[in-house]
Amino acid sequence: MWRFIVILTCKFINKVSKLIGHEGSVIGGYYALKLDKNILKKIKLPKYVIGITGSSGKSSSTELMYNILTKNGYSTVYNKEGSNTINAITSLILNNSTLGGKLKKDVLLMELDESFMKYIFKYFKPTHLMITNITRDQPPRNSHPSKIFNQIKKAIPDGTHLILNIDDPFVNRLRINHNGPITTYGIDKNNYSYKNNINNLDAAYCPICSSKLEYDFYHYGHIGSYHCPKYHFVRSTPDYEAKKIDVDKKLIEINDNKVNLPSNFLYTVYFVTGCYALSKAIGLDDKEITNVLNSDDIKTKRLEIYDFDNRKWQMLVSKNENNLSYKQSLDYIIHQDVEKTIILGFDNSSRRYTENDVSWIWDIDFEELNDPKINKIILIGKFCNDLLLRMTYANIDKKKIILVEDINNLSEVIKKETKGYIYSMTCFDKEIELKKIIAGDKND
Amino acid sequence: MINVLHLYYDLLNLYGENANTRCIERCLKLNKIKVNVDYKSVGDKIDFKKYDLIYIGSGSEEDLLLALNDIKFRYDGIKEFIDSDKYLILTGNAMDLFGEYIEADEKIEALGLFKYQTKFISESTFENASTDRIVGEVRATTKLISEEIIGFQNRCDLNLNVKTPLFKTDNKFSNDLKSDNEGFTYKNVYATHIIGPILVRNPYLTDYILDKLCKDKKLDYKVSDELSIKAYNKYLENFQK
C-alpha cells in the first residue's frame with residue numbers, strides 16, 4: 001500500500017511540476033525518496049537494466065542505444081536529458097511504473113554519472129554496464145582519472161555484464177577480478193592514430209607489475225594499443241573491433257559487417273562500436289543492429305554551419321577541462337582539407353562551478369596548430385592572454401595569431417585580416433556572442 | 001649551461017605540470033642561456049650531480065605511492081643534491097614524498113628528508129561528503145617577492161608541523177587547514193600545494209628563482225617574459241575579488 005502511495009506521489013508531483021513549467025524530471029524522485037528511501041528496491045524492473053557511463057561519449061551512446069533497441073521492438077525508457085542523479089533516476093523509474101510497482105517496459109536504459117553511480121546501484125543491480133573511457137575530465141569536480149576509476153570499480157556489482165572499451169587501459173583494468181561476464185570493444189589503427197612520445201599520459205604503468213606500458217600506437221591521449229613489457233596486462237583483440245576505418249567517408253567494419261557512422265568525428269567510431277558490442281551482449285544479431293545503424297533515419301549529428309562574409313563558419317563547443325575531448329575537436333578542424341581561420345577562447349573554465357583552473361590548456365597538444373592550412377588563429381575571451389602564452393610555447397608563428405580582447409572588434413578583424421573557412425571552438429557563453437555577430441552581419 | 005631534470009614526468013604530471021620545465025627552458029633561452037631538460041622516471045638511472053634544478057609535479061594518490069617506492073632508493077643522491085644548495089621545485093602533492101611519512105589507509109614511511117608529516121584526507125574529514133578534497137583558486141604572498149602568487153589547488157593531503165612555509169595564504173588552502181602556512185622551503189627547495197603551470201602563471205616568482213640560480217652559476221639573467229607578465233596582470237584585473 002505504501003509503495004502505491006509513493007509511486008502516486010512521484011507521478012503527481014512530476015505532473016504538477018511540468019504543468020507549472022518546470023522540467024519535472026527530478027523533483028518527484030526527491031519526494032519519493034523522502035517518503036521511502038528504499039522505494040527503488042521495491043520496484044519490479046524489466047529483464048534488461050542497462051547503464052552507460054564514462055568520462056565522455058555517454059550521451060551519444062545512450063541515444064544511439066535507445067534507437068537500436070526501440071527500432072528492434074524493445075520498449076525502452078531512458079533519461080533523455082541526461083539527468084543522472086539519484087532523484088532523476090528515481091523519477092524516471094517511478095513515472096514509468098504501474099501503481100502496483102512494475103516498470104512496464106522491456107528495457108530500462110540509463111546514462112549514468114561516474115561519481116553518482118554508486119548511490120543508484122545501492123538499490124538495484126544493472127544487468128549490463130558499458131564504460132566508454134576514463135580520462136581527465138573537470139578536475140575541480142572529479143579530481144583525477146584514477147579516482148574516477150576507483151569510484152566506478154567500487155560501484156560495479158557482482159554478476160553485471162560489463163561492456164568495456166579496452167583501448168583505454170583504465171577501462172581495461174575493470175576486468176581484473178570482475179565476477180561476471182565481460183564483452184570488449186575497441187578500434188583498429190586509422191589515419192587519426194599516431195606513434196609519439198607524449199608526456200601527459202594517464203594509466204601509464206601496468207596495474208599488476210608497475211612496469212611502464214609500451215604502446216604500438218595511440219588514438220588520442222592514453223587510448224590506443226598497449227601492452228606491459230612482461231605481458232601481464234595487454235590490449236588484447238577485442239570481441240568487437242572497428243576495422244577499415246574511414247572517418248571522412250563515415251565508414252567502418254565491425255566484425256566484417258559494414259557500418260555507417262553518423263558523423264565524421266573519430267569519437268563516433270567509439271560510440272557506434274560500443275553500442276554494437278552492447279547490442280550483441282543483450283542478444284541482438286548483426287543484421288538487427290546494422291539495419292538500424294545503416295538506416296537513413298538514424299539521426300546524424302547536426303553540424304552548426306553558418307554563412308558569414310561569404311564564407312562558411314562552423315561552430316564547435318570548447319570542451320574545457322577535458323583535454324582529450326578538446327584535442328579531438330582540434331584534430332577534426334585540422335583534418336579538414338581547406339584553408340582556415342580558427343577562433344578559440346573562453347571566459348570561464350567551467351559552466352558548473354566558478355573556480356577557474358587553467359592547467360588543462362597545458363595538457364592539450366596545441367603544437368599541432370603549426371599547420372600550413374591555417375591562415376590565422378584568433379584568441380578571444382577573458383583568458384586570451386593565457387591562450388596566447390600557450391600558443392607561443394607551441395611555437396606558432398606570431399604573424400598568424402590575432403588577439404581580440406574586445407569582442408566588438410571581432411567581426412571587423414575576421415573580415416579584414418583573415419581568410420578561409422572559419423572554425424570557432426569556444427565556451428557556451430561566447431558561442432551566443434558569436435551567433436549575434438553572425439546575425440548582425442546578415443542584417444547589414 | 002643549466003641542466004634541468006623533470007623527475008617522474010610520466011607519473012606526477014596530472015595537471016598540465018609539463019608547463020613548468022617548459023617555462024624554465026623558455027625563460028633561460030630568452031636570456032640567451034643554454035639549457036638542457038632531461039625527463040626521467042621510475043627505474044631510470046639518474047646521476048643527480050649532473051643537475052642544477054629538479055622539478056617534480058603532482059600525481060594521483062596511487063601514482064604518488066608508486067613514485068615513493070622508487071625515490072626511496074635515491075635517498076643519498078637527493079640528500080646530497082639538496083645539501084649542496086641546488087634547486088628543487090615541488091608542486092601539488094610532490095612535497096609529501098620528502099616528509100617523514102604519509103598516512104593514507106596505513107602509515108607509509110616517506111624519504112624523511114624534512115620534518116613534516118602527511119595525512120591524506122577522505123570524505124569523513126568534511127561534513128559535506130561531496131567535497132573530499134581541497135579545491136579552488138588560491139592567492140598567496142611570500143617573502144621572496146613583493147608580487148602576489150596566483151594559482152589553483154586540487155589536493156587531498158595535509159602537511160603537519162611545517163616550520164618554514166613558502167607562502168602565506170587563506171587557511172582553507174594552507175598546509176594543515178588551520179594556520180596560514182602554505183608549502184615548504186629550505187635552502188633552495190621551493191614546495192607548494194599549488195598545481196599546474198605555476199611558473200608560467202607567476203613570472204615574478206620564476207624570475208626570482210632563475211635569477212638566483214643564474215647568479216650561483218655566474219650567468220646573467222635580466223630579461224622577463226613580457227607575455228607572461230601581461231597574462232598575470234590580466235588575470236588579476238579580470239578576477240579581482
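Just past helix α12 of chain A, A:Asn395 takes a positive phi of about 60°; helices here are DSSP runs of H or I with at least four residues, strands are runs of E with at least two, and both are numbered from the N terminus. This is a predicted model, in which local features need pLDDT of at least 70, side-chain atom pairs count only at pLDDT 80 or more, and totals for chains, interfaces and linings use all residues. Residues are numbered from 1 along each chain as its sequence is written, while chains are lettered from A and ligands numbered from 1 in the order in which they are written.

Helix α12(A) itself is largely enclosed by the rest of the structure, because 9 of its 10 residues are buried. A residue counts as buried if 20 or more other C-beta atoms lie within 10 Å of its own, as exposed if 12 or fewer do, and as partly exposed in between, with C-beta atoms placed from the backbone. The buried set is made up of A:Cys384, A:Asn385, A:Asp386, A:Leu387, A:Leu388, A:Leu389, A:Arg390, A:Met391 and A:Tyr393. These residues pack against β14 (340–345), β15 (374–380) and β16 (401–403) of chain A, and also against α1, α4 (198–201) and α6 of chain B. A:Thr392 sits in this helix, which spans residues 384–393, and counts as partly exposed, with 15 C-beta neighbours inside 10 Å. Its C-alpha atom lies 9.5 Å from that of A:Glu367, 25 residues away along the chain.

On to the contact between the chains. It takes 27 residues from chain A and 32 from chain B, two residues being in contact if their C-beta atoms, placed from the backbone, lie within 7 Å. On the chain B side, the elements that give two or more residues are α1 (18–30), α2 (61–71), β8 (134–141), β9 (149–155) and α6 (226–239). Helix α6(B) gives the most, with 7 residues. By class, this side of chain B has 14 nonpolar, 9 polar and 9 charged residues; Ala, Val, Leu, Ile, Met, Phe, Trp, Tyr, Cys and Pro count as nonpolar, Asp, Glu, Lys and Arg as charged, and the others, Gly among them, as polar. B:Asn233 is found in α6(B) and is partly exposed, with 13 other C-beta atoms within 10 Å. B:Asn233 and B:Arg201 are 32 residues apart in sequence, yet their C-alpha atoms are 9.8 Å apart in space. The model as a whole scores ipTM 0.94 and pTM 0.93.

Chain B comes to 6 helices and 14 strands. Its radius of gyration, 17 Å, agrees with the value near 18 Å that a compact globule of 241 residues would have; the radius is taken over C-alpha atoms, and the globule rule is 2.2 Å times the number of residues to the power 0.38. Along the principal axes, the C-alpha atoms of chain B fill a box of roughly 50 × 45 × 30 Å. Of its 241 residues, 47% count as buried, and residues 24 or more positions apart account for 65% of the contacts with a separation of 6 or more. Mean pLDDT (the predictor's confidence in each residue, from 0 to 100) is 94 for chain B, with 96% of residues at 70 or more. Residues 126–130 of chain B, though, stay under 50, and the model has 3 contacts beyond four places in sequence for them.

For chain A, the domain assignment, which is automatic or from a database, gives domain 1 (45–86 + 103–293) and domain 2 (304–443). Their centres, taken over C-alpha atoms, are 30 Å apart. Where the two meet, 16 residues of domain 1 are in contact with 15 of domain 2. On the domain 1 side, α6 (139–142) and α9 of chain A are the elements that give two or more residues, and α6(A) gives the most, with 3. That side divides into 7 nonpolar, 6 polar and 3 charged residues.

Finally, the largest nonpolar core has 183 residues, and those with the most contacts inside it include A:Met65, A:Leu109, A:Val269, B:Leu53 and B:Ile54. A nonpolar core is a set of buried Ala, Val, Leu, Ile, Met, Phe, Trp, Tyr and Cys residues joined through C-beta atoms within 7 Å. Helix α9 (residues 266–281) of chain A gives the most to this core, with 11 residues. Both domains of chain A give residues to this core, so it lies between them. Leaving aside neighbours within four places in sequence, B:Leu53 is in contact with B:Ile2, B:Val4, B:Ile24, B:Tyr87, B:Ile89 and B:Leu213.
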